[in-house]
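This briefing is for a reader new to the structure. Please look through the sequence and the model before going on to the points below.

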Amino acid sequence: MTNGIVKSKTTNIIDEARIAKMKTTRSEELTSLSEAVIPGGVNSPVRAFKAVGGGPRFIERGSGPYMFDVDGNRYLDFCSSWGPLIFGHADPDIVKAITEQVQRGSTFGAVTEYEFNLAEFIVSHIDAVDKVRFVSSGTEAVMSAVRLARGYTGRDVVVKFDGCYHGHSDYLLVKAGSGLATFSQPSSAGISKGAAGETIVLPLDDDAALEKCFAEQGEKIAAVIIEGIPANNGLLIQRPEFVKLIRNLTEKHGALMILDEVITGFRIGMEGAAGMYGVTPDLLTYGKIVGGGLPVGAFGGRAEIMDKLSPNGPVYQAGTLSGNPLAMVAGLATLNKLADGKVYQRLEQNGALFVDALTAKLGDAVFKIARVGSIFWVVFQDEMPLSAAGIESAGIDRYNKRFRSALDSGYYLPPSGFEVCFISAAHTEEQLLTAAEVLGGIMGGSN
Ligand SMILES: *Cc1c(COP(=O)(O)O)cnc(C)c1O
């Protein structure tokens, strides 16, 4: 048997015999071959499984909630390509939209009605967005929004929060310097001190640090950027008051608030975190779900700000494949299926069902589960962290150690304890309850 799904309701311990049967020879072969021609064998570092040890599995195809690897193993997928796949793999409606479009051509480098259709959908569903522009990744969306904020305000400094990820543009790939509200340090080689030096990194969930920062340098700040719900370094669900404080302080000091909804946009509801918190940011960034599984990003906001973009205004921004027709139709097919809100209701119910079952199974084990709708994160510590500093490395280690048992039992979790899990609309209640049973057994295990 090559699929890894355990049907037994009584599985407490991992079925060692069956795990031993999971064949990985082709994945191992492809790992060595790829390492020779692609740095680390991967095109995005976390795919190399370094945090969890052992090699990655090469995926051949996906269907609904499942992925299948090149050795024929089947996994129930909780990684969902890191968020885009809210309908699971190869959803028939999305496949149809892409297939029909690709036969008409895949890119024109000219204006199309598809861009208008997706833009109109977004503008009509999101209060804070009057105008939107499409790019090809979340990184690019954020990079462009930050440039626009600088161009609009005529200021240089950007404030971000420790534990938020906004893609890998130079001035956002930074970490806190020594002491609060000081300028930051590059968190990667190859980033100039100049680029990093224009970003201030503050702790999440810290009203005083934010207030102090604005009191001291409010007139230099172009923008404060925060993830809708920080979900790239654990799931750090912020107090609404903190998010509202960002809104108030930016407004008071003539800075812009950028809400990075690349992961939360269309994931936790039609209006994302902006809707959840009831705040109106100046600029919002999107990616992941908005492209229906194709490479896409988008940024939007008030017309008066967006019209500073070239060709209307002085802020340059462009892209050969921006607004790509395939991505536009895939995005629109996805959003159309979400528009009536029923999918969000079901994802909320299934998210609660799964987390309750997992909590029951874990019993007395030391852990916390953060969840917003269909995003969840299991952390092995007593206190629910609200900031990056609150995450205990021992808890992350514990997750990382258990990852491979889950994988070998047919559950594809994100290969790092800092990453969150996603439930898709393709996951059934039965699959989720079985998963809670098996994963609870693995996670609750000793050591
Ligand atoms: C994924 C993500 C990004 C980066 O998007 P890419 O498409 O990977 O470039 C930026 N911000 C947030 C909040 C994200 O989750």
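What volume does the second largest pocket have? In this predicted model, the volume of the second largest pocket is about 610 Å³. The points below cover that pocket, the ligand and an open sheet.

**Second largest pocket**
- Its lining is made up of 27 residues, and those nearest the pocket centre are Val111, Glu115, Val132, Arg133 and Phe134.
- Helix H4 (113-125) and strand S4 (131-135) are the elements that give two or more residues to this lining.
- With 4 residues, S4 gives the most to the lining of the second largest pocket.
- By residue class, the lining of this pocket holds 12 nonpolar, 11 polar and 4 charged residues.

**Ligand surroundings**
- The residues around the ligand include Ser137, Gly138, Thr139, Tyr165, His166, Asp260 and Lys288.
- This shell divides into 3 nonpolar, 6 polar and 3 charged residues.
- The side chain of Thr139 has an N or O atom 2.6 Å from an oxygen atom of the ligand.
- A polar side-chain atom of Lys288 is 2.6 Å from a ligand oxygen atom.
- Tyr165 has a polar backbone atom 3.3 Å from a nitrogen atom of the ligand.
- The protein buries 83% of the 380 Å² that the ligand exposes when taken alone.

**Open sheet**
- Four strands form an open sheet in the order S1-S2-S3-S15, and their pairing is mixed.
- Strand S1 (59-63) and strand S15 (411-412) are the edge strands, each pairing on one side only.
- Strand S2 (residues 66-69) and strand S3 (residues 74-77) are antiparallel and pair over 3 bridges.
- Met67 has Tyr75 in S3 as its bridge partner.

Definitions and conventions: Residues numbered from 1 in each chain as written. Predicted model: local features only at pLDDT ≥ 70, side-chain atom pairs only at ≥ 80, totals over all residues. Heavy atoms only, no water. 1 Å grid on protein atoms, 1.4 Å probe; cavity = no way out; pocket = protein on both sides within 12 Å on 5 of 7 lines; lining within 4 Å. Points joined across faces, edges and corners; volume = space filled by probe spheres on them. Nonpolar A, V, L, I, M, F, W, Y, C, P; charged D, E, K, R; others polar. Pairing = 2+ DSSP bridges. Near = heavy atom within 4 Å. Polar contact = N/O pair within 3.5 Å; in protein donor to acceptor, adjacent residues only side chain to side chain. Areas by Shrake-Rupley, 256 points an atom, 1.4 Å probe, with all protein chains shown as cover.
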